[in-house]
Amino acid sequence: DFETIQFQVEDGVATLTLNRPAVMNALNSRMRAEITEALTTLAPEVRAVVLTGAGRGFCSGQDLTDRAAAANLEATLRDEYEPMLAAVTTCPVPVIAAVNGVAAGAGANLALAADVVIATESASFIQAFTRIGLIPDAGGTWILPRAVGHARAMGMMLFAEPVPARQAADWGLIWQAVPDADFEGVIRDRARVLAQGPTGAFLSIREALAAATANDLSAQLELEARLQGQAGRSADFVEGVTAFLEKRRPVFRGA
Ligand code: T3D
């Protein structure tokens, strides 16, 4: 049983809710371990994950009352943050970060590690680290310049100001900012689309986009050929084409 997160599965969608609302879902050691465990032991029927927060915040980053973590930041990052982030980026199904409120520090970068980030319009993203004399971690220095470019990444990191969800979407930091009233419905719909989609193709897209940052064009074309070969041998591809020819909606099994 989990203590710091809630975890429930419905219709092929696992919802992982960070659940320390009194501290805006700050990450302590237990929460990092529980997120890692939940994402690395998914049941076979799970075809999409929604990562969200309880209460008015998404996640306020490292729990600043945790002196043990502060005593050796390097070890905490290596031993606890890295496995947690890897559990998100290598999750066997697509992950949506449903950012229901402020996402600060490592909490912002945890959200940005997901495949798709959808935020309420009242949410914001803060690279809060320099406020307490630290540098961005949890993948922030990797993802930000790639997502928004050097100038915006530097501005976000040096000034540690909240970037409202709409601006984050305009900059390409996240996929979508939606009115608060529509948020739950949009998340439910998007999660259903992913849970009923061609899971193998989704994971290959993740792999291809991750590799694109380091590959030259010819290496990327090679990778596309290999991954498309794989997709072309899947039952979901057969179903997709058959459904198209039969003028019906495909029923993908994720295989
Ligand atoms: O291991 C390591 O340490 C290295 C890793 C570091 C990675 C990091 O994430 S460093 C960055 C850590 N996070 C921050 O610096 C953010 C701190 N929090 C805030 O700046 C603000 O709380 C927020 C912008 C997130 C939200 O502001 P607001 O005004 O909406 O809420 P609030 O009143 O500040 O917070 C509500 C409560 O949550 C409050 O407690 P109280 O007064 O009601 O008893 C506040 O102290 C608590 N809280 C918020 N963030 C944290 C926290 N408690 C512990 N740790 C937190 N990070």
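For the classes used below, I count Ala, Val, Leu, Ile, Met, Phe, Trp, Tyr, Cys and Pro as nonpolar, Asp, Glu, Lys and Arg as charged, and the others, Gly among them, as polar.

**Model and numbering.** I worked on a predicted model, in which local features need pLDDT of at least 70 and side-chain atom pairs count only at pLDDT 80 or more, while totals for chains, interfaces and linings use all residues. I numbered residues from 1 along each chain as its sequence is written.

**Sheet.** I found an open sheet of 4 strands in the order β4-β6-β8-β9, with mixed pairing; two strands pair if DSSP finds at least two bridges between them. The edge strands, each pairing on one side only, are β4 (57–59) and β9 (163–164). Strand β8 (residues 124–126) is antiparallel to β9, over 2 bridges. In this pair I located S124 opposite P164 of β9.

**Helices α5 and α6.** I took axes as lines fitted to C-alpha atoms, for helices over the stretch in contact, with angles from 0 to 180 degrees between N-to-C directions. Helix α5 (residues 140–148) packs on helix α6 (residues 150–159) at about 135°, with axes 7 Å apart. The two are therefore oblique to each other, since angles under 35 degrees count as roughly parallel, over 145 as roughly antiparallel, 65 to 115 as roughly perpendicular and the rest as oblique. L144, P145 and V148 of α5 meet H150, R152, A153 and M156 of α6, where contact requires C-beta atoms, placed from the backbone, within 7 Å. The contact residues divide into 5 nonpolar, 1 polar and 1 charged.

**Helices α9 and α10.** For α9 (residues 199–212) and α10 (residues 217–232) I noted an angle of about 170° and axes 10 Å apart. These helices are therefore roughly antiparallel. Their contact residues divide into 7 nonpolar, 4 polar and 2 charged.

**Domains.** I read domain 1 (5–195) and domain 2 (199–245) from the domain assignment, whose bounds are automatic or from a database. Their centres, taken over C-alpha atoms, are 26 Å apart. I noted 6 residues of domain 1 in contact with 4 of domain 2.

Conventions:
Two residues are in contact if their C-beta atoms, placed from the backbone, lie within 7 Å.
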